[in-house]
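This report looks at how chains meet in a multi-chain model. It takes two interfaces in turn and then one residue.

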Amino acid sequence: MTEAIDGLTAGSLTALILGPLILALVAVALPRRRLIDSAVMLLALLLLALLLPLSRAVLTHGPLVMDLGGHDAPIAIPLYVDSLALGMLWLLTLLALAIHPYASAWLQRSDHPHADDYPALWLVLWTGLNSLVLSGDLFNLYVMLEVTTLGAVSLVMLGQSAGAVSAAARYLFFALVGSVLFLLGTALVYADIGLLYMPMIAVHADASPAIVVALLAITAGVAMKAALFPLHAWLPIAHASAPTPASAVLSAAVATAGVYLLLRLWLGPFAGTWTITTAQGIGVIGAAGILYGSAQALRQQRIKVIVAYSTVAQLGYLLLLVPLAQSPLAWQGAVYHAVTHGLAKAGIFLAAGNLILAIGNDRLENLSGADQFAAKNLLVIGIAGAAVAGLPPTGGFIAKWWLLSAALGQGQWWWVAVIAVGSLLAAAYVFRILQYAMRQPENRAEIDPRVRDQSLPYALLWPPALLAALALGLGFSGELLAPFLQVTDLSPALGGTGR
Amino acid sequence: MLPVFDTMLCLGLLWLGWGIVASTTLFRGVVLFMVFGLLMAVTWVRLSAPDVALAEAVIGAGIAGALLLGACKAMLSDPGTPAEQGGPEPAALPRLPAAALSLLVGAALAWLMVTVRGGGPVPEAVAIALPTHFLHNPVSVILLDLRGYDTLMETVVLLLAFLGARAMMRHSELDPLFTPVATHRHYTMPLITLLTPILLLLALHILWTGGNAPGGAFQAGALLAALGVMYQLTGHLRPSRESGPGVRALLVCGLLVFSLFACLGLTWGDAPLTYPRGAGYVSALVVEIALMLSIGTTLTLLFAAHPGLKPDLRQ
Amino acid sequence: MTPIVFPVTAALLFAIGLYGVLTRARLIQRLLAVNLMASAIFLFLIVTSTGGPHGPDPVPQAMVLTGIVVALSTMAYALVLIRHLRVLTRAETLESIVDD
Amino acid sequence: MDEVLIGIATFLLANLVLGFLRLRRGPAPADRLLALLLFGTISVAIVLLLAHAQGVAALSTVALLITVLAAIAAIAFTQMPESIRGNPRT
Amino acid sequence: MTILDWIALALLLGGAGFFFAGTIGLLRFPDTLCRLHAMTKADNVGLGLLCLGLALHERTLSGTLTLAFVWVFALAASTLSAFLIAGWAEARSDTGEGS
């Protein structure tokens, strides 16, 4: 255990993992919805408060490692926090704060039969995501991946329709194969070098055949779960057919966590196995994902499918960190992108969910006249969409600016073109939604007057507004937060990238 | 003689594996999978992994088989979509490229798995830590203490599987997997009366000795679940759409005790999940008892495919 | 220590499972194939745990036990999902409901 | 003596592998289940022999568990529907 | 080898012989019920002899008890299973003749 871990830090890390878990157990044992809803809000606020000193500790001491159970490396399971993990924790906690009240109001309003099942499922998934982000042990990650997978599949399945359940089944089978591949990689690493403790694997792993195959298996496994570009087939339909709050969780948190895990593994324990060619190859896959996802998003006719394809595209940006990893600016940009995109994407989904409540479905052509009756929600979609596209003055702009600068700084101009084209396409699909909404409806009487903005409960309106405001606000706090975004001791290990 | 035994065992495993994958009918695949489970248990015994063998015996011979036979039954009682009736199974991927890919992967893995280096820092450190530990069964040391966090999270996976399944069951018209034949009660009753005390004793035995001999909470819990499965198969427990407070308490007690214990680690140590000095064995036992109850309940309910169970004591 | 035949069997079982996952459309059989792959990895892990200079290594055995619990949980979950899908669509393969 | 135990275990394993033929041929579902039950008993015997050859008492518990749970498969099987026979998809 | 060893060996070999007979019965007998008959008889006697043979070498009480329990439960389980399967097969005239 490092000296930097004081009681408060240890307590915060414990609370991040066990807080949602214990609350989930309470929710299973005592299914009182009101009680649980307020407890979730309190917990999210408490965790936000705990994240402040934790961020400070990371800033002053550098990356923190807490070995569980009072044992030492290499037999203990460590929790690991650096700026990448910290960004994810902030994102997850803010999402919990905004999405849970929305979900609870949404389920109630749509008289959803699964309203009783949702809180416990979400809380366990939250536990899984927090632990996935914090875990520094290869085998433990396998278990956490299973928790997130089962949680995410269950959320998709709550969509109820035959389409949602078959999307859930497709997702589950992709994920099952993904876990087996991850387990294979873990077994090979352990059999070859006798380690599961990730900070130490980084030191011991060479490019032996077993390690290289393990890296391939792990990459393929996580990529299947995270729906990275060539393996994305299950994502758009699953994210689009889930209930709206669940779509937001899946796109903003689960998918991001998958890519986060890949970055954590690639640039941590396996950093020594990279060469320039393979790093550039990962960048190319990311770029292909950006272009393909954006192009698909432009062709879709349903809002939720557009937003889901946009997720496929935006996750690609995170992969650009691999070829650019030697630059601190790229780290800053990637963390900032993950957080901004997560917040903005959740905001868009929630606002789109309100539109769906208003017009009954999410087809673009039915949006006509939405600027009249759902102006606030359209404003949210506009702001959050600008953040996704990376337009100033949003946080998305800062993130992409840093990524661009990193690419220029290392003379890798080709990524500049990709980032720019991706942003243009993103702006195009966001404005396409707004453009449909501003058309004059052919028959005004078709719109049910009861569904105007005013009739939506407050709990459905403030969460998307809060998320969009955060995505916007991040555009003004880039300089302030920059020091927090570079804390990682993994970048030195990336000497391999430059070989 | 042992090499002959090993070779035959491995050929048997491969033959069964191929049979499972290639079987044309669902029932055949399921039966082959159950035999595969038996042979895996023999393999674990041969490789001197008694803890794993115990788990495989309970799961392979009992719960997994019953689950699969139940699903098989559910599939058979529905004629299926028109496209599937009588028609051949639609192909997922063309066979030839799939076979080529699998062969390539198999050959590469075979080479790797034979040539991995072995050893490393963890085996060394574990070998040093084991002799002074308050538990004497090496696998229990790992599961309960060194990697207790994994055990906590694996129980979360089990609970989550049930929560997700319960959400599906609640609003779907899934029939109970098994509707016991009334006349069979006459014959199964003596078996139940014989097995109930024996299984309970065995479960307690496995749990109690788990600290010092092979066994532990999961094996014991799975054994309790096997008893629960048998009660359902013979109609002494029936699935119900409501879960009472008792069932819910049993569901969560294992994780609740374990996570509270994990938090308490912060008070008598520097990190969660630390065992108190001097009271390690007792704490481990308390955690294990709670885990056993939860694991048993969760697995029984997962088999029931319903949120709850109610006893049926008609003779 | 342990004869070479066990790791080779593990690799081949993994390959057989992979073939099954790729070619079988019927979901339950695909599930069985995935479990076969997992069992192959368990076999490999246990093989590596025997022998060694420090006696049997309990860590892989513990990993396999955890893996068995996880595999059983996901199998039970997947079976309920498959039955749920069957009730909703009457299909037992994903391929036969692609066109709805 | 250990060598003898392992020899007998090998012989029993050979019986088990021979029994796979019935598993393959069927023809009735009941035949496959019979084969499963026979394999259960043979596995119990093999486990007992190996446990004695290795001198690990806990392994005998494995045999006990397999025996105790053997009835589950049979009870579950007898509740299979009529359509299990003659259905191309069984 | 003491006289006890020889007796144990004879019992073990006898047990193995009964298992073999059971397997052959399973493979060669003409229909399901015959196969059932051959199998359950053979493997229970076989397991019994085997347990007896092993028990002669068992030093501890618990080990001997375990062996005894294994045999008793095998008898109980196989009696019930055989009965249920036979009933199932007969009710559906599913006697798998031939092959």
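## Chain D against chain E

Chain D and chain E bury about 3700 Å² between them. Buried area is the accessible area (1.4 Å probe) that two parts lose on being put together, summed over both. Carbon and sulfur atoms give 79% of that area. The contact (heavy atoms within 4.5 Å) draws on 46 residues of chain D and 40 residues of chain E.

The model is predicted: local features need pLDDT of at least 70, side-chain atom pairs count only at pLDDT 80 or more, and totals for chains, interfaces and linings use all residues. Side-chain values use heavy atoms, with hydrogens and water left out, residues are numbered from 1 along each chain as its sequence is written, and chains are lettered from A and ligands numbered from 1 in the order in which they are written.

## Polar links and helices at D–E

One salt bridge is found across this interface of chain D and chain E. The term means a side-chain nitrogen of Lys or Arg within 4 Å of a carboxyl oxygen of Asp or Glu. The partners are E:Arg35 and D:Asp31, with their closest N and O atoms 3.0 Å apart.

Helices H1 (2–25), H2 (29–54) and H3 (58–77) of chain D each supply at least two residues of the side that touches chain E. Helices here are DSSP runs (H or I, at least four residues), numbered from the N terminus. H2(D) gives the most, with 15 residues. By class, this side of chain D has 33 nonpolar, eight polar and five charged residues. Ala, Val, Leu, Ile, Met, Phe, Trp, Tyr, Cys and Pro count as nonpolar, Asp, Glu, Lys and Arg as charged, and the others, Gly among them, as polar.

## Chain B against chain C

Here the buried area is about 7300 Å², and carbon and sulfur atoms give 78% of it. B:Met75, B:Met113 and B:Met168 supply 9% of the area that chain B buries against chain C, more than any other three residues. Chain B puts 90 residues into the contact and chain C 70 residues.

The side of chain B that touches chain C has 61 nonpolar, 15 polar and 14 charged residues.

## B:Leu160

B:Leu160 lies in helix H7 (residues 148–170) of chain B. Is B:Leu160 buried or exposed? B:Leu160 counts as buried because its relative accessibility is 0%. Buried means under 20% relative accessible area, exposed over 50%, partly exposed in between (1.4 Å probe, protein chains only).

Leaving aside neighbours within four places in sequence, B:Leu160 is in contact with A:Leu121, A:Val124, A:Val147, A:Leu150 and A:Gly151.
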